[in-house]
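This briefing concerns a single protein chain, shown below with its sequence. The notes that follow are grouped by topic.

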Amino acid sequence: MKFFVDSADVAAIAELNDLGMVDGVTTNPSIILKSGRDIMEVTKEICSIVSGPVSAEVVSLTADEMIAEGRKLAEIAPNITVKVPLTWDGLKACKVLSGEGKMVNVTLCFSVNQALVAAKAGATFISPFIGRLDDINLDGLELISDIRQVYDNYGFETQILAASIRTANHVTQCALIGADVMTAPPAVIKGLASHVLTDKGLDQFVKDWAKTGQKIL
Ligand code: G3P
């Protein structure tokens, strides 16, 4: 499973990238707002660090405007993935932009049918939002599993990019289901290395080592 970082925090992306944890990056208008940076400037900086797909989202609501914005965003770097919303206009933009050879990430997906039409429109990635379904007492992971089954039934090549990941368990379950990609905030990715028994065990080793009175260096 590929790891994308759901962030525009350049320092955090660089730290994870140095560890080989970054196969790509996803951003959205809320993430750009949080960064306090200019979208073109911060996206260019991210693309200079990460060689994998970097999603930059259009903000207009009509297909023509999304296409124009997508073309402009795609000029930032060759690894830009244009992110469009899962609306009828977004699908029209997806079809045109993917036809031009651009990678397209169709976002805000909350149903299998939406994932189906995105695949038909040539999406490179489909982004089902797990956490936001869980927020309204629906099962986000079940959606990932259902899309996996449907895409596999018909050999769709659109990659399932599990988004709105909030917990380490979401990551585990996405890997078990066979999501192609998961995108998560840096803190969730760093949290994957944590286990309470690791902390407890290390604490004991440190205490016992001190009692030996020895040094390695
Ligand atoms: O990039 C979109 C998605 O991952 C947002 O997550 O936590 O705001 O629902 P969240």
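Helix α1 spans residues 10–18 and includes I13. In this predicted model, I13 has a relative accessible area of 0%, and because the cut-off for burial is under 20%, I13 counts as buried.

**Surroundings of I13**

- Leaving aside residues up to four places away in sequence, I13 is in contact with V5, S7, A8, V22, V25, I46 and V50.
- The C-alpha atoms of I13 and T167 lie 18 Å apart in space, while the two residues are separated by 154 positions in sequence.

- Strand β7 comprises residues 159–162 and is covered on both faces.
- Q159 and L161 are buried on one side of β7, and I160 and A162 are buried on the other.
- In general, the side chains of a regular strand alternate between the two faces of the sheet.
- Strand β6, residues 125–128, runs parallel to β7 and is joined to that strand by two bridges.
- Within this pairing, I160 of β7 has I126 opposite.
- Strand β8, residues 181–184, also pairs with β7 in the parallel sense, again over two bridges.
- Here M182 of β8 is the bridge partner of A162.

**The largest pocket**

- The largest pocket holds about 510 Å³ of space.
- Its lining consists of 25 residues, and those nearest the pocket centre are D6, N28, I31, K34 and P185.
- Two or more lining residues are contributed by each of α2 (29–35), β5 (103–109) and α10 (186–191).
- Helix α2 provides the largest share of the lining, with four residues.
- By residue class, the lining of the largest pocket comprises ten polar, nine nonpolar and six charged residues.

**The chain as a whole**

- The chain contains eleven helices and eight strands.
- Taken along the principal axes, the box filled by the C-alpha atoms is roughly 70 × 40 × 30 Å.
- The chain has 217 residues, of which 45% count as buried.
- When contacts between residues at least 6 apart in sequence are considered, 57% join residues at least 24 apart.

How values were computed:
Residues are numbered from 1 along each chain as its sequence is written. This is a predicted model: local features need pLDDT of at least 70, side-chain atom pairs count only at pLDDT 80 or more; totals for chains, interfaces and linings use all residues. Side-chain values use heavy atoms; hydrogens and water are left out. Buried means under 20% relative accessible area, exposed over 50%, partly exposed in between (1.4 Å probe, protein chains only). Two strands pair if DSSP finds at least two bridges between them. On a 1 Å grid over the protein atoms alone, a cavity is a set of points where a 1.4 Å probe fits but cannot get out, and a pocket is an open set with protein on both sides within 12 Å along at least five of seven lines; lining residues have an atom within 4 Å of a point. Grid points are joined across faces, edges and corners, and a volume is the space filled by probe spheres set on the points. Ala, Val, Leu, Ile, Met, Phe, Trp, Tyr, Cys and Pro count as nonpolar, Asp, Glu, Lys and Arg as charged, and the others, Gly among them, as polar. Contact means heavy atoms within 4.5 Å.
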